[in-house]
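Here is a protein chain to explore step by step. Keep the 3D view open and find each part as it is named.

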Amino acid sequence: MELGIRISPTKLINVNSISLSLLNPFLQFKNPQGSSNPHKLLSFSRQVHLQQLPQFHRCSSRFKALASPSAVFGAEKDQLLSDIRITETQEPNLRVRLSVEIPPNVCEDCYKEVIRELMKKAKVPGFRPGKQVPESVLVGFVGKKMVEQATIESILKRTLPHALSSVSGKALRDTVRITTKFSDMEKTYSTLKSIRYDAIVDLAPKVKWIPEDAYKNLKVIVEIDCDIEAQRAVDQELRRRHKSLGSLRIIIDRGLQIGDVAVLDISATTIDQDESNVQNIPAAESKGFHFDTEEGDKVLPGFLDSIFGIRRGEKKSFPLVFPESWKQENLRGVQAQFTVECKELFYRDLPELDDSFAEKLIPGSTTIRQVKESLLQRYQEVEQTAKEQATDNAILDQLRQMVEVDIPQSLFEEQGRQLYGTQLLQMQATMKLNEKQLAYLSSAKAVDEYLEHKKENIINLIKQNLAVADIFERENLQFSTEELVKEIENSVEEFKRSKVKYDEERVKEQVQEILEGAKVLEWLREHAEIEYITKFEGLEELKVTVSTSPSDPNCVILARHAEESKLAFCRPGDRTWTRLRPAQNRYSSAIFYKDQLYLIEYGTSDVLNLLRCIDLGRLVSITQKSIQKPERCLSVDTYLVDSSADLLLILKYNYWDDIKLSGMGCTYGYSCELSNPLFEVYKLQNRDWVEVDNVGENAIYLSPNCSVSMPATDMDECTANRIYFFDASGDETGYMTGVYHIKNRYVELAYQSSPSWTAPLSWFTPELRS
């Protein structure tokens, strides 16, 4: 549910609110000569308050019928109004144009009314107050032009409500505008003693449900962010507080790993084939940046993986792409070349967490169990609030998709300006704006740019608000006077505490809107079918491993994040993921082998740790493998492969661009022997990895997203003891495909894709059924 203050869109015109006071008639409705600006007759206090309130509007209470002309002016004058000629023309966007022609007899009657008012109030020299003043003397004293202007005001005040009677109960308040220039009306009246003017007014939008009463059968799926899970939040907060008890120690003998803190100098430029177009990216630059590797999910995806293993004093350069969801819109989709220098490297020396630290973690606690219980209670409340908020958001989002409604331009602009005003106030509250910045942000150009940029969001919000108001009226929902009074008192108290000016009537109106919206959401939650599912962030970085076919009810599905130390699993029918314990390092490969889950964990930049998962809960180390990178090797990809009776570990070495395979003299369609290995194959034997150059009658198929081993005879034109691969880099050179001869260590390059084709590739084995 979005928050902010806005003017309710469906306030309908009441003619009694149209006031052109004649207490001082010749000072009321003036416009500079020659001005082309139309006159906006109706005024309303449009205050944007700092207090944040849900954006709901009231509908039924604002449908006030126009008062009849006789109720305002009396029956005798109402008879004169029957001589007025009104032409109504429908215009786009729910707008109506009223062309009004006032005959001389109505104008003459209004002139006499002005003279009578002036007789009562004007103080003419030589005449006692209340004494009858000759009309010619009175006009000469006040001025003929002033009297004519006051007469025109009187005519408008008297005739406009009558002209609007055709749109009674349908016209939006604050949208009536007389588009005829005042100077033109003066000229016509002066010469013809009659007036003709045009007025435009916007009509209230009508909500159409698709299908009818669709809101009564809502089926809502609510995605719950996995990060709001109470137990997960407790673990993170406890870890944060635990870290505050420790100290940082300098690392001198190894590279960066998960859990470390690095001090980094970071710079970035755009990537462009034309070097003259390369530009620095100031928003991505930082000097002395303290990077906590346990918070790797808060930086650019791929950043942590790219600097993994960096040592103190070392510098690395690598390309990354800002995702489309990046918070800075101008960087979304930008390809950047990062350069990172590690200035300092630390590990955390943490004390063992026992009851002696409970008081430091949460004052008043005596045991770690009390600390956890206290944190859990707090975060369960946060989780419940977030869940309710997500439910409301999902319901409101579905409502707006169920309605069709034409939105008047005035309503769109009013809503957009209110949102922009609230945003501007928030900016002023959070940052210091100088006069020049404030002047620009307050300019018509800045507002128009905002309206255009946020057009879709504004329209969706209006549709959502109209849908809520329509449900409140249809279902005859109500709230008590006690609720209203209490909320008004709370709001007024908040304004007073913040020393912000407020309008009591506007506060009451806003509170009514909030209560109506709350009642609608409460009613919808009771009548809707709501299903909750866990949302896994960063789906594009997830790797999924299954134990058996998903059609098997005993199948286990493991999800691991490619860039972070996150593991979770579920079974068919589960609605949420179950998390495994957090790791201190990232997982690079996973496989279900002989009904057991195995994972490869990066211990450091050159050590691999094979883990086995016991009962999908406890991870046990089986063995470790040190990696000796060949010269100029940039990184190593790992694959676990089930090859008949053996569990294989395959290492794929990725080299710098200048010695990629094509740079080694290899050309596509031909074979070449390699001086440096492209792959190495190891078999798990007696809890140790043993290198092999023969995998029997099987062929191995590798891609960034899967690893498969099958008898070569099962696949036409495939040969045993070969690795058929897609290059995992997917960089600016495109994907590379080939066949690697394990025993002879040479490669046949088959194909290289276009640089623009970087979609993930996978092998699959089709199952043909008759």
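Helix 6, residues 182-192, lies across strand 3 and strand 4. Helix 6 runs at about 150° to strand 4. Keep in mind that this is a predicted model.

What sheet do those strands belong to? An open sheet of four strands has the order 1-2-4-3, and its pairing is antiparallel. Strand 1 (85-91) and strand 3 (177-178) stand at the edges. Each has a single partner strand, so one side of each is left without a neighbour in the sheet. Now look at strand 2 (residues 95-102) and strand 4 (residues 195-202). These two pair in the antiparallel sense over eight bridges. Pick out Ser99, which stands opposite Asp198 in strand 4. In a regular strand, side chains alternate between the two faces of the sheet.

Step back to the whole chain. The protein chain has 16 helices and 31 strands. Of its 770 residues, 45% are buried. Consider the contacts with a separation of 6 or more: residues 24 or more positions apart account for 65% of them.

Which strands join it? Strand 8 (residues 261-270) is joined to strand 11 by ten bridges, and the two run antiparallel. Leu264 stands opposite Cys342 in strand 11. Strand 10 (residues 315-321) also pairs with strand 11 in the antiparallel sense, over seven bridges. Here Pro319 stands opposite Gln337.

Next, look inside. In soluble globular proteins, nonpolar side chains tend to be buried together. The largest nonpolar core in this model has 42 residues. Trp209, Leu218, Leu399 and Leu524 have the most contacts inside it. Several elements each supply at least two residues of this core, among them strand 6 (219-225), helix 10 (368-402) and helix 16 (504-527). Helix 14 gives the most, with eight residues. Zoom in on Leu524. Leaving out residues up to four places away in sequence, Leu524 touches Tyr215, Leu218, Ile395, Leu399 and Ile471. There is also a second, separate core of 39 residues. Its members include Tyr111, Ile152, Phe182 and Ala199.

What about the cysteines? The structure holds zero disulfides. Take Cys110. Its sulfur is 6.7 Å from the closest cysteine sulfur, in Cys107. That is too far for a bond, because a disulfide needs the two sulfur atoms within 2.5 Å. Cys555 is in no disulfide either: the nearest cysteine sulfur, that of Cys570, is 8.2 Å away. Are these two cysteines buried or exposed? Cys110 counts as buried, at 1% relative accessibility. Cys555 is buried too, at 0%.

Ala590 lies in strand 18 (residues 587-593). Ala590 has a relative accessible area of 10%, so it is buried. Ala590 and Leu640 are 50 residues apart along the chain, yet their C-alpha atoms are separated by 6.5 Å. Beyond its neighbours within four places in sequence, Ala590 is in contact with several residues, including Thr545, Leu558, Tyr598 and Leu640.

Asn698 is in strand 27 (residues 698-703). Asn698 is buried as well, with a relative accessible area of 6%. Among the residues it touches, beyond four places in sequence, are Ser643, Ser644, Met710 and Asn721.

Finally, how confident is the prediction? The mean pLDDT of the protein chain is 79, and 79% of its residues reach 70 or more. Over residues 1-77 the pLDDT is below 50. That stretch has 224 contacts in the model beyond near neighbours in sequence. Residues 657-665 also stay under 50. For them, the model has 19 contacts beyond four places in sequence.

Key:
Residues numbered from 1 in each chain as written. Predicted model: local features only at pLDDT ≥ 70, side-chain atom pairs only at ≥ 80, totals over all residues. Heavy atoms only, no water. Pairing = 2+ DSSP bridges. Contact = heavy atoms within 4.5 Å. Axes fitted to C-alpha atoms, helices over the stretch in contact; angles between N-to-C directions. Buried < 20%, exposed > 50% of the residue type's maximum accessible area, 1.4 Å probe, protein only. Core = buried A, V, L, I, M, F, W, Y, C linked by side-chain atoms within 4.5 Å. pLDDT = per-residue confidence, 0-100.
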